[in-house]
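Thanks for making the time this morning. Please have the sequence and the model open while I talk.

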Amino acid sequence: MTFPHVVESIISRNVLTCTPDTPVSEAAQAMCRAHCGSIVVVDAQGSPLGIWTESDVVKLDLFHPDVARCPVRQFMSSPVLSIPADMSVQEATAHMHDNRVRHLLVTSPVSHQLLGLVSATDIVVNQDAEFFLRLKRLDSMLHRPLVIVNADQPVVEAMHQMRDFTVEALGVRYPDGSWGILTQSDVVRFVAGGDSALPVAALASHPLRTVPRQMTLLNARRMLQEGRTRHLGVDGDDGQLVAIIGMSDILATMEQEFLIELRSALRERDEALLQSRQSLQLADKVFESTLEGIVITDHYGVIQSVNPAFSRITGYSREEVLGKTPAILKSGRQSADFYEHMWRQLKNDGYWQGEVVNRRKSGLLYTEHLTITGIPDGFGGIRHYVAVFSDITQRKQAEERLHFLANHDALTGLPNRTLFGEKLQSAIEQAQEHGQRLALMFIDLDRFKLINDTLGHQAGDELLVKIAARLQTEAPAGSTVARLAGDEFTLLLPNVGSLNSVASLAQDVLDGIAGEVVLAGSSKVFISASLGIAMYPEDGTTADSLLVNADAAMYRAKNRGKNTFQFYTADMNASAMARLKLEYGLHRALTRDEFQVWYQPKVDLASGRLEGMEALVRWQHPEMGLVSPVDFIPVAEECALIVPLGAWVLSEACRFTRQLQADYDFSGRVAVNLSGRQLKFGNIVDTVQQILQDSGLPASCLELEITESTAMDSDQEVGRALEGLRSMGVTLAIDDFGTGYSSLAYLKSLPVQVLKIDRSFIADLHQDKDDAAIASAVISMGRSLGLSIVAEGVELPAHRDFLRAQGCHMAQGYLYGKPMPAEAFRRYVQTFEAQG
Ligand SMILES: Nc1nc2c(ncn2[C@@H]2O[C@@H]3COP(=O)(O)O[C@H]4[C@@H](O)[C@H](n5cnc6c(=O)[nH]c(N)nc65)O[C@@H]4COP(=O)(O)O[C@H]3[C@H]2O)c(=O)[nH]1
């Protein structure tokens, strides 16, 4: 059976009312007129005081002569039961059942005014009970006794029968054997104005309509509704009247069924309520006592509730965070991208889980494992977010510690073999992807075993820690130092440039390690290391092959006498060694006076006069003999030795030239090469000034040559230096002109006076038209800019003749004289002078 939702939808709004003083007979008349089974007794304000129903009428003692004139208040049921209109039909039915009434007044839940009346009939008629009524037959509900009166009996007696047997209708037997019926409403009519001596026949309905006992309740109800009568006689199988049934009997049956259902519904509801109350209590307990922090926010993320664990973990009290957002915990450790991703997932899945680093009120960071769940609002949106988190800081720290221990050497704290292997692998992948080179150095301490055995393991450990520290000092940024085992260390250098730089670093590492180490107990040891280098990709393309080859190279270094390094590839060794040798030699050469300045004459092409000379440095190496500047100047440039070396050459050349001037009738200029590094970092203006002053050589007798590429350097420092030198009165020349990419406009802006045509254009100009064309173009261009033109590398008379014909001013080359030591040049000047 289904029930209408609330009582208001089924109430009868036409309520029959009367005052409390209304005589019983009048009340009964009103009920008869209105075909109502009850009348509500109201006070002057219309508030219900009681109710008087058909069944109350039957209870009247009509033998008492004045009873019909008595006020209805004496017989009404009071207080009258009323229910609010928004009460559910189920509850209303339970109410009726519990209070054993068939009518309830219905009042407005707001104003409490009387709205109407609801009867059991209203409830049952408004049920969709067809299915049920079709299943049930009349004989299933024949529980009430059939009470029979004779047609000639007085009505008052019949009323007593009704009351005593609590039946709504009586069977009336007529003398001819036919049947009639007397009902409660007939009694109401009687009370409304009947004579107490009236016989039953005067009020009874006759004949009684009868139906068979097998009839369904549905048909019986239909007949009752159609026949405008509230009762039917039921025939037994033998055709004898066995019962009288009325609408109320059908309703009672339905009610019973209804109540059974209702009771089970109520029981279920109560159980559900109890269960939900218990779960709520449980949830409350969990919320309050759980060790996990809980934050509940609204749809906008504004905090609505937090539990005690939240305060314990974050340090913020409930009051401090209510109305704020969880952003107060932000540590800045997560990127905007992180939060964007989190919200996107929350929106899509209604769920997010992960680790977050937040900040406690005290400022300390902590790591939490956080789960955020969106609580749906039932309309496709989110009503709340619930965040549950646990503080996993200690666990994380322990994990990190474990991870560190698993990947680092306990003694030195350096990465161990495992971590180093990973780093090497990823460096290889990186190098492969970007086409870079990397260097792997394998370092093994020399004589470590001896130290360990003689001084003990503790001293050995101490030494290893100190060596690790030295290695880390030498390791450039971006490199990785690791300890693989015992006294074996590695250094990984990603993205390395030249082999020379690797060799230099290897030497620095060895120098950094080598030396005295003071250990606890003041024992001193001298330590050194041997180092092997494997290059990616030349010496191997896998981590293993690089390690094996670096190790092999290290053994070779040991065999070569220790405290040295070796590349795995022999060629690399040779060039690196040669270069290192040169570099070391160079450092020593200055202090050991191994440098010399040689001079090469420069001649005026038109007159053939000696116009000056170029100073050219030479290195008299004790083993290698005379070393060309072509071999050592670039090295000196790289290791910055060029600055002191250049200053020495300059001072030597100026002193020599001043001497020539003093000794001979020599007024020529000396040209000295300047490197770019001298111009940038050598404080060159002050240096030149000082040298000129010390030597006494006039600035006009000094020419400084800079290469075309240095001249083109747009570095401001270079420009300032050139201006400074020029304003001092020194002549500036551009060397090797034609080999670079000088723009004419730029050339014009430089404070130079001399252009030296590179000898590569001169060598073949007598037989190569292009060279000839270039040389003559440079000459004419230089002249047009007002520059003095010097041709280098003039070896043949043909060179001389061509250059002279083109208007070149000066020449320098083997035709006039090779670079020669100072003494030889002195003689050269002497000869020239003698020739006049
Ligand atoms: N084949 C041939 N060569 C000729 C002839 N005439 C001169 N040479 C060579 O040409 C070079 C001229 O010097 P550079 O262009 O300044 O080129 C110089 C210069 O760039 C650099 N250099 C020499 N001394 C110094 C110095 O004191 N400081 C700096 N920074 N660089 C220097 O070394 C370079 C080479 O110097 P050197 O070996 O002395 O070589 C000299 C010289 O010996 C010739 O007719 N035929």
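This is a predicted model: local features need pLDDT of at least 70, side-chain atom pairs count only at pLDDT 80 or more; totals for chains, interfaces and linings use all residues.

Let me begin with a question: which elements do the buried residues of H19 pack against? They pack against helix H17 (499–513), E23, strand E24 (565–567), E25, E26 and H20, where packing is judged by contacts, two residues being in contact if their C-beta atoms, placed from the backbone, lie within 7 Å. Helices (H or I, at least four residues) and strands (E, at least two) are DSSP runs, numbered from the N terminus.

Residues are numbered from 1 along each chain as its sequence is written.

As for the chain as a whole, it has 30 helices and 34 strands, and buried residues make up 36% of its 836 residues. By buried I mean that 20 or more other C-beta atoms lie within 10 Å of the residue's own, by exposed that 12 or fewer do, and by partly exposed anything in between, with C-beta atoms placed from the backbone. Among contacts between residues at least 6 apart in sequence, 62% join residues at least 24 apart.

Back to H19. The buried residues of this helix are Met572, Asn573, Ala576, Leu582, Leu586 and Ala589. Just after H19, Asp593 takes a positive phi of about 55°, although Asp593 is not a glycine. Asp593 sits in the loop between helix H19 (570–591) and strand E25 (595–604), and it is exposed, with 9 other C-beta atoms within 10 Å.

Now the helix pair H15 and H16. Two packed helices are described by the angle between their axes and the distance between the axes. Helix H15 (residues 448–455) and H16 pack at an angle of about 135°, with their axes 6 Å apart; the axes are lines fitted to C-alpha atoms, for helices over the stretch in contact, and angles run from 0 to 180 degrees between N-to-C directions. H15 and H16 are therefore oblique to each other, given that angles under 35 degrees count as roughly parallel, over 145 as roughly antiparallel, 65 to 115 as roughly perpendicular and the rest as oblique. The contact is made by Ile451, Asn452 and Leu455 of H15, together with His457, Ala459, Gly460 and Leu463 of H16. Within H16, the buried residues are Gly460, Glu462, Leu463, Leu464, Ile467, Arg470 and Leu471.

In the loop between strand E18 (438–445) and H15 lies Arg447, which has a positive phi of about 60° although it is not a glycine. Arg447 is partly exposed, with 15 other C-beta atoms within 10 Å.

What surrounds the ligand? There are 23 residues around it, the closest being Val617, Pro629, Asn673, Gly813 and Tyr814, where a residue counts as near if its C-beta atom, placed from the backbone, lies within 6 Å. The elements giving two or more residues to this shell are strand E26 (610–621), helix H20 (629–638), helix H21 (642–663) and strand E30 (731–737), and H20 gives the most, with three residues.

Finally, the peptide bonds. Most residues other than glycine have a negative phi, and most peptide bonds are trans. A cis bond joins His206 and Pro207, with omega about -5°, and Pro207 is in the loop between helix H7 (184–193) and strand E10 (210–212). The bond from Tyr536 to Pro537 is also cis, with omega near 5°, and Pro537 lies in the loop between strand E23 (529–536) and helix H18 (543–559). Pro537 is partly exposed, with 14 other C-beta atoms within 10 Å, and its C-alpha atom is separated by 6.5 Å from that of Arg437, 100 residues apart along the chain.
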